[in-house]
Amino acid sequence: MKETVTVIGLSGSPRRRGNTEQLLDRFLEGASDAGGITEKVVLSTLEYSSCKGCNACHKTGSCIMDDAVRELYDRMLAADCIIITSPIYTMGITTELKSFIDRAHYLWVRHFILGSHIISPEGKKYRRGYFLSTAGMDQEDVFDTAYPMLKALFNILGFTHCVGVLARNMDGYGGITGHPTALDDAYRKGSEAVKGIMAGRPCLEKVKR
Amino acid sequence: MKPIRVLAIAGSPRRHGNSELLLDWVLDEMKQDPDVSVTKVILNDADITPCRGCNACEKLNACINHDGMDTLHDQILDADCIILSAPIYCMSICAQAKALVDRAQVFRSRKYVLKLPVVPPERIGKRFGIFISTAGQDWDYVFDAAIPVVKCFYHVIEVKNRDLSYLMIRSVDEKGAVMSHPTAKEEALSLSRSVLQTMKERLG
């Protein structure tokens, strides 16, 4: 029985309190009601630069840029549950989120080149990562391109990628509040995540792609 | 004939790296033709801030963000051929290139919300694109997630799928690695010649 469950939710939208952030808020409410210690981070309010591709981290394992990114990754590495969220812009995640994910390269280097960042398979089993997203279009494949990036991020941070909530056709529904199930699903997932981690249950609803 | 206007956008934050080298090979080959005029933009220096998702362009037919996109917007419309080069970072185009692609929202609003022409009707079907990319990984699916994003960009700027070509080289990571790739340079030169040939036929 794990008593303290820390949950960090990242809002990757440039728009405040839009569809995606509302979805995240409901997830965090569910998590908090179940006893989790939750925190929301809004990427658009942080100061950070995009990766410069300098590859300096290939030698040192550290990023030459000293900004909000490192501190946030440190806290995410220490969390029990992370939620990554972004609306879909031009068939992909937002620039804000892509920029943040690109900056994780030094962690990839630590793991795959330097061997200094160890991901314990046992720890990964119980740590949960979720992706929540919304899209204006009602196209079935609209979320597809986000997955390879999320898969890489969850892998490198050592989280099991659990099935999150995807809500498309925001244009048709007139926003997330018009969607029949998404907000309730998010609340339920948040609650289940914390209860599962507390009980020491691995996530069974894993993302297969 | 009128010059063929080529707009080349180097999307990598790294100067003279692999994706920019491929771009330069394509451009050098095209420049040998006196009918071609090339403008090259270094995206990292072009001051393109991310889309704010405000949707103001759906009403204003213009972006409320005033930055390097003011110029690049017109350059994209004026060109006959738009070449975008961008490396793959973490399974998709680098964030700098995604910022540009997202700012094309103004063209999408113009086309689909305001139902206004993006380019004059006589230029439709006479716009061309080349997407150039490099990836450090050697996975055959490493470009897969970038392609729908890139297609969407070209679609809203009125470049048809059939007129969009790809030059994607994987397994090149360290700076300059593409120079020792067995076929990359020949692929770049041959693509450059074939796109130019098609443009001459279509625009002639």
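A polar contact is a pair of N or O atoms within 3.5 Å; within protein, one must be able to donate a hydrogen and the other to accept it. All views show a predicted model.

**View 1. The surroundings of B:Asn65.** B:Asn65 sits in the loop between α2 (57-60) and α3 (69-78) of chain B. The residue is buried, because its relative accessible area is 7% and buried means under 20%. Its side chain makes a polar contact with the side chain of B:Arg52, at 2.4 Å. Leaving aside neighbours within four places in sequence, B:Asn65 is in contact with B:Thr49, B:Pro50, B:Arg52, B:Asp70 and B:Arg103.

**View 2. The interface of chain B and chain A.** Here 28 residues of chain B are in contact with 26 residues of chain A. About 2,100 Å² is buried between the two chains, and carbon and sulfur atoms give 56% of this area. On the chain B side, B:Cys90, B:Ala95 and B:Lys98 lose the most area to chain A; together they account for 23% of what that side buries. The count of salt bridges between the chains is zero. Polar contacts across the interface come to 11 residue pairs, both residues at pLDDT 80 or more. Three elements of chain B give two or more residues to the side that touches chain A: β4 (92-93), α4 (95-103) and α6 (146-156). The largest share, six residues, comes from α4(B).

**View 3. A salt-bridge network in chain A.** A:Arg16, A:Glu21, A:Asp25 and A:Lys40 are linked by salt bridges. One of these joins the side chains of A:Glu21 and A:Arg16, at 2.8 Å from N to O. A:Glu21 is buried, with a relative accessible area of 1%. A:Arg16 is partly exposed, at 35%. Over all chains, the structure holds 32 salt bridges.

**View 4. The salt bridge of A:Lys189 and A:Glu205.** Their side chains meet at 3.3 Å, N to O. A:Lys189 lies in helix α9 (residues 182-199) of chain A and A:Glu205 in the segment after α9, so the pair ties together parts that are 16 residues apart in sequence. A:Lys189 is buried, with a relative accessible area of 6%. A:Glu205 is partly exposed, at 41%.

**View 5. The salt bridge of A:Asp66 and A:Arg70.** The N to O distance is 3.3 Å. A:Asp66 is exposed, with a relative accessible area of 69%. A:Arg70 is partly exposed, at 26%.

**View 6. A nonpolar surface patch on chain A.** A:Phe112, A:Ile113 and A:Leu114 make this patch of about 290 Å². A:Ile113 belongs to helix α5 (residues 105-114). A:Ile113 is partly exposed, with a relative accessible area of 43%.

Terms used
Residues numbered from 1 in each chain as written. Chains lettered and ligands numbered in written order. Predicted model: local features only at pLDDT ≥ 70, side-chain atom pairs only at ≥ 80, totals over all residues. Heavy atoms only, no water. Patch = residues over 30% accessible without salt bridge, like charges linked within 9 Å, V, L, I, M, F, W, Y side chains within 5 Å. Areas by Shrake-Rupley, 256 points an atom, 1.4 Å probe, with all protein chains shown as cover. Salt bridge = Lys/Arg side-chain N within 4 Å of Asp/Glu carboxyl O. Helix = DSSP H or I, 4+ residues; strand = E, 2+ residues; numbered from the N terminus. Buried < 20%, exposed > 50% of the residue type's maximum accessible area, 1.4 Å probe, protein only. Contact = heavy atoms within 4.5 Å. Buried area = accessible area lost by both parts, 1.4 Å probe.
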